[in-house]
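Here is a guided walk through a protein model for someone meeting it for the very first time.

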Amino acid sequence: MMLVQILSGIHNLTTMLYGIYISAFFLGVKQNRRNIGTLFLFSCGEGLLYLVVSFLYGSLFAKELYPFVIHLPLVIFLVLYYHYPLISSLTSVFSAYLSCQISTWVGLFALDLTRQDWCYYLSRIITTLLVFVILSRFVCRTTAAIFAKDKRELCIIGFLPLVYYIFDYATTKFSNLLYSGNKAVVEFMASLSALHI
């Protein structure tokens, strides 16, 4: 269905932009015109790289390479261009990834209610935009102060998002280990496991 493909593409784009901007804003990158433009140009480069990998090797392989095509270059960019420490940049990217779960949960709830893929993607797009506005306006100043802590404290703070990131990729992106049952159970199990730690 064409509508589902369009909404899926918009969802992927908004999620990528969300991750890049929130990762930067979590660190304390000022939300001014210059930085918004710089991050947008970086996002275009990341998106182009992802499309090239998708075209050359297929979309499934590109999804598996997402951490290396999108997240790793983002960390390097935050370290080299904005001069944030590596541990702060990693913690920020992992935290932004963890915050994407709100969108996933809302999408799964909409899918469960309607059994319509277009509802899943539309609700995820809307939720991603709303969460972005809330985080960028009300949370990023606090995270910038937290992510400026010393390395030891950042290791403690970043442990939860790191565990979630590894668990989620290992069980849902790099394998189908947990997708044999209900997708909602998988998503909530990953989050609850990370929170338990």
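**A cavity and the helices around it**

Helix H7 gives the most to the lining of the largest cavity, with 3 residues. Helices here are DSSP runs of H or I with at least four residues, numbered from the N terminus. This is a predicted model, in which local features need pLDDT of at least 70 and side-chain atom pairs count only at pLDDT 80 or more, while totals for chains, interfaces and linings use all residues. Residues are numbered from 1 along each chain as its sequence is written, and side-chain values use heavy atoms, with hydrogens and water left out.

The structure holds 1 cavity of 30 Å³ or more. A cavity is a set of points on a 1 Å grid over the protein atoms alone where a 1.4 Å probe fits but cannot get out, and lining residues have an atom within 4 Å of a point. The volume of the largest cavity is about 60 Å³, taken as the space filled by probe spheres set on the points, with grid points joined across faces, edges and corners. Its lining includes Thr15, Tyr18, Ser103 and Arg124. Helix H1 (2-27), helix H6 (101-114) and H7 each supply at least two residues of this lining.

Now follow H7 along its length. Helix H7 (residues 117-146) has 30 residues, yet its end C-alpha atoms are only 38 Å apart, short of the 44 Å that a straight helix would reach at 1.5 Å a residue. That expected span is 1.5 Å times one less than the number of residues. H7 has a kink of about 60 degrees, centred on Val139; the bend at a residue is the angle between axes fitted to the seven residues ending there and the seven starting there.

Next, look for the aromatic rings. Rings of Phe, Tyr and Trp (its six-membered ring) pair if their centres lie within 6.5 Å, and planes under 30 degrees apart count as stacked, over 60 as edge-to-face and the rest as tilted. By this rule the count comes to 17 aromatic pairs. One of them, Phe42 with Phe77, is stacked, at 4.2 Å centre to centre and 15 degrees between the planes. Phe42 lies in helix H2 and Phe77 in helix H4 (residues 66-80), so the pair ties together parts that are 35 residues apart in sequence. Elsewhere, ring pairs link Phe94, Tyr97, Tyr164, Tyr165 and Tyr169 into a cluster.

Finally, find Glu46 in helix H2 (residues 33-57). Glu46 is buried, with a relative accessible area of 3%.

Key: Buried < 20%, exposed > 50% of the residue type's maximum accessible area, 1.4 Å probe, protein only. 1 Å grid on protein atoms, 1.4 Å probe; cavity = no way out; pocket = protein on both sides within 12 Å on 5 of 7 lines; lining within 4 Å.
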